[in-house]
Amino acid sequence: MAIQRTFSIIKPDATKRNLTGAITKMLEDGGLRVVASKRIHMTKEQAEGFYAVHKERPFFGELVEFMMSEPVVVQVLEGEDAVARNREIMGATNPEEAAPGTIRKEYALSIGENSVHGSDSLENAEIEIKFFFNDDEIVG
Ligand code: RTP
Ligand code: MG
């Protein structure tokens, strides 16, 4: 299996409850390394741009408002099979369907306020990393 990089967001519901450290520990314990990290307050342009693929979905407006509601922590995670590994550690989008021991099972409040984002493919990981980070901010 190859070493990959993926993109993660610790979402507003989690930063608000001071869960940045707890969630990062779950990612690290799961075998991923944080090679870039910053806390930002997303602008409307950033939230709409990042979630542009969802713009026709009924929850788009709600999702954008949520992502702008509090600061988030954007991270680049590195490790073996990092894209899939991160998705496993996160658990299903809906916390009611998330497996025991996953971040969303442990911490998510609802299908919308679900504590973390993780890239769903290697191709999207590259696009999402570039959306928030310059090359010199990532230290492997
Ligand atoms: P993410 O992109 O955030 O890692 O989550 P995901 O792949 O598991 O879920 P996706 O289908 O890509 O949806 C993106 C985010 O939109 C919010 N959502 N709300 N109200 C709803 O029915 C609903 N469905 C999705 C969630 O915050 C989800 O993570
Ligand atoms: Mg997604």
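This is a predicted model: local features need pLDDT of at least 70, side-chain atom pairs count only at pLDDT 80 or more; totals for chains, interfaces and linings use all residues.
Which residues does Lys-11 touch, not counting residues up to four places away in sequence?

Residues are numbered from 1 along each chain as its sequence is written, chains are lettered from A and ligands numbered from 1 in the order in which they are written, and side-chain values use heavy atoms, with hydrogens and water left out.

Back to Lys-11. Its partners are Tyr-51, Phe-66, Met-67, Val-72, Arg-104, Gly-112, Asn-114, Ser-115, Val-116 and His-117. Contact here means heavy atoms within 4.5 Å. Lys-11 sits in the loop between strand 1 and helix 1, which spans 12-16. Helices (H or I, at least four residues) and strands (E, at least two) are DSSP runs, numbered from the N terminus. Lys-11 counts as buried, at 5% relative accessibility. Buried means under 20% relative accessible area, exposed over 50%, and partly exposed in between, with a 1.4 Å probe and protein chains only. The side chains of Lys-11 and Asn-114 are joined by a polar contact of 2.7 Å. A polar contact is a pair of N or O atoms within 3.5 Å; within protein, one must be able to donate a hydrogen and the other to accept it, and residues adjacent in sequence count only if both atoms are side-chain atoms.

Both of those residues turn up again at the ligand. Ligand 1 is surrounded by 15 residues, and the closest are Lys-11, Thr-93, Gly-112, Asn-114 and Gly-118. To count, a residue needs a heavy atom within 4 Å of the molecule. Now the distances to oxygen atoms of ligand 1. For an N or O atom in the Asn-114 side chain, read 2.9 Å. For one in the His-54 side chain, read 3.1 Å. For a polar side-chain atom of Arg-87, read 3.2 Å.

Next, the record. UniProt, in an unreviewed entry, annotates residues 3-140 as "domain: Nucleoside diphosphate kinase-like". UniProt positions are given in the numbering used here, feature names are shortened, and annotations may be inferred rather than shown by experiment. That span is 41% helix and 20% strand, and its end C-alpha atoms lie 11 Å apart.

What about the inside? The largest nonpolar core has 21 residues. Such a core is a set of buried Ala, Val, Leu, Ile, Met, Phe, Trp, Tyr and Cys residues joined through side-chain atoms within 4.5 Å. Phe-7, Ile-9, Met-42, Met-67, Val-74, Phe-132 and Phe-133 have the most contacts inside this core. Elements giving two or more residues to it are strand 1 (3-10), strand 2 (33-40), helix 3, helix 4 (60-68), strand 3 (72-80) and helix 7 (122-132). Helix 4 gives the most, with five residues. Apart from this core lies another, of 15 residues, with Leu-77, Met-90, Ile-103 and Val-116 among them.

Stay with Phe-133 for a moment. Leaving aside neighbours within four places in sequence, Phe-133 is in contact with Phe-7, Ala-36, Ser-37, Lys-38, Val-74, Gln-75, Val-76 and Ile-138.

On to charges. How many salt bridges are there? Seven. The rule asks for a side-chain nitrogen of Lys or Arg within 4 Å of a carboxyl oxygen of Asp or Glu. Asp-13 and Arg-17 make one of them, at 2.6 Å from N to O. Asp-13 is buried, at 4%, whereas Arg-17 is partly exposed, at 34%. Another joins Lys-44 and Glu-48, with their closest N and O atoms 3.9 Å apart. Both lie in helix 3 (44-50), four residues apart, about one turn of the helix.

Last, two backbone angles. Most residues other than glycine have a negative phi. Asn-18 has a positive one, near 60°. Asn-18 is in the loop between helix 1 and helix 2 (20-29), and is exposed, at 68%. Asp-81 also has a positive phi, near 55°. Asp-81 lies in the loop between strand 3 and helix 5, and is partly exposed, at 27%.
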